[in-house]
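Here are my comments on the model you sent, written to be read beside the coordinates.

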Amino acid sequence: MTATDTRPTTHIRSLALEITGQCQNTCASHCYAKSGPRGSHGSMRREDWFALLDQAAGLGVTMVQYIGGEPTLHPHLPQLIDRALSLGMRVQVFSNLVHVRPSMWETFARPGVSLATSYYSNNATEHEKITGGRGSYARTKANIAEAIRRSIPLRASLVHVLDGQAIDGARSELRQLGVTGEIRLDRVRAIGNGDITGVAFHDPAELCGRCGSDRAAISPDGVVTPCVMSRWLTAGTVRAQTLAAILNGPEWAGRMTVIPPRRKGGCVPDSCTPREDSCQPSPGTVTACNPDSDSSDCAPAEEEACDPAYE
């Protein structure tokens, strides 16, 4: 850590668990994980995730977010949710909501579980151009409505991808479906499929500045990084070390030194996701506005995982 950087590295309160790289959609322009139908669940087994959750609870983690890829495609998601709940953690599932099995709705309705999803347009053709998933618009829309009908807490974020995209129409449609609370606007960043340079360019300025301070992310292969957006800043694997050993180790400390601390005020690069009334993106640009969060200046709501607003 630098002399002026006082961010803690061991006070992790939330984990983003990327349990799979598999996804029904083929988002070609903005998927941070480059996931798709050919993705895999990685080398982490159910027992590995269970052991990680046990370790996380011992470290004081109070929230886990299951992401992907598409987490509902993982065969053990219900069991992973149950395990986290049994350890006293809150759970959020970040899903594209393209397909939800009837039994999964019962799991989502459990106390302590919430959903998050991305939305792109109120025009089916435009929405599916972005997701690459035929029928994804109607299915996601219907499942958002079903979650609302079942009174399952749901957070929706808009992602600006195309020139002239119907952002306002999408926001209005989400309100009509019954989504309450803030509907945040995110933008494409040069990470994953958003990296249009073709040379895997990684700029720490793309990050929100809170990465690793009170959260961490785990990949399908057990690799630990400060967040899902800082995928190149690997610090070890929970298949070889305990989570505590990694978070207190030299590799983690070294990764933290390259992440610019969050600054107060402004928008780029210190807001994880711009609020819907500020920091509007220039159409068609890849910018450095960063992973999303819930509070006014990038900090997520208390103990909520700092996560991408798109799969």
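The numbered points below take up the overall fold, one aspartate and then several helices.

1. The model is a predicted one, and the comments should be read with that in mind. Its protein chain has eight helices and eight strands, and of its 311 residues 55% are buried.

2. Asp 48 lies in helix H1, which runs over residues 46-58. Its relative accessible area is 16%, and because the cut-off for burial is under 20%, Asp 48 counts as buried. A polar atom of the Asp 48 side chain is placed 2.9 Å from the backbone nitrogen of Arg 45. If residues up to four places away in sequence are set aside, Asp 48 touches Ser 43 and Arg 239.

3. Helix H2 covers residues 77-86, and its buried residues are Leu 77, Leu 80, Ile 81, Ala 84 and Leu 85. These residues are on the same side of H2, because the arc they cover around the axis is only 135°. As for what they pack against, the buried residues of H2 meet H1 and helix H3 (102-108), together with strand E2 (63-67), strand E3 (90-94) and strand E4 (113-119). After H2 comes Gly 88, which has a positive phi near 85°.

4. How do the axes of helix H4 (residues 124-131) and helix H5 (residues 136-149) cross? They come within 8 Å and cross at roughly 100°, which means that H4 is roughly perpendicular to H5. On the H4 side the contact is made by Ala 124, His 127, Glu 128 and Thr 131, and on the H5 side by Ser 136, Tyr 137 and Ala 138.

5. H5 also has a contact with helix H6 (residues 167-177), in which the two axes come within 9 Å and cross at roughly 40°. H5 and H6 are therefore oblique to each other. In this pairing Tyr 137, Lys 141, Ile 144, Ala 145 and Ile 148 of H5 meet Glu 173, Leu 174 and Leu 177 of H6.

Terms used
Residues are numbered from 1 along each chain as its sequence is written. This is a predicted model: local features need pLDDT of at least 70, side-chain atom pairs count only at pLDDT 80 or more; totals for chains, interfaces and linings use all residues. Side-chain values use heavy atoms; hydrogens and water are left out. Helices (H or I, at least four residues) and strands (E, at least two) are DSSP runs, numbered from the N terminus. Buried means under 20% relative accessible area, exposed over 50%, partly exposed in between (1.4 Å probe, protein chains only). A polar contact is a pair of N or O atoms within 3.5 Å; within protein, one must be able to donate a hydrogen and the other to accept it, and residues adjacent in sequence count only if both atoms are side-chain atoms. Contact means heavy atoms within 4.5 Å. The arc is that of the directions from the helix axis to the C-beta atoms. Axes are lines fitted to C-alpha atoms, for helices over the stretch in contact, and angles run from 0 to 180 degrees between N-to-C directions. Angles under 35 degrees count as roughly parallel, over 145 as roughly antiparallel, 65 to 115 as roughly perpendicular and the rest as oblique.
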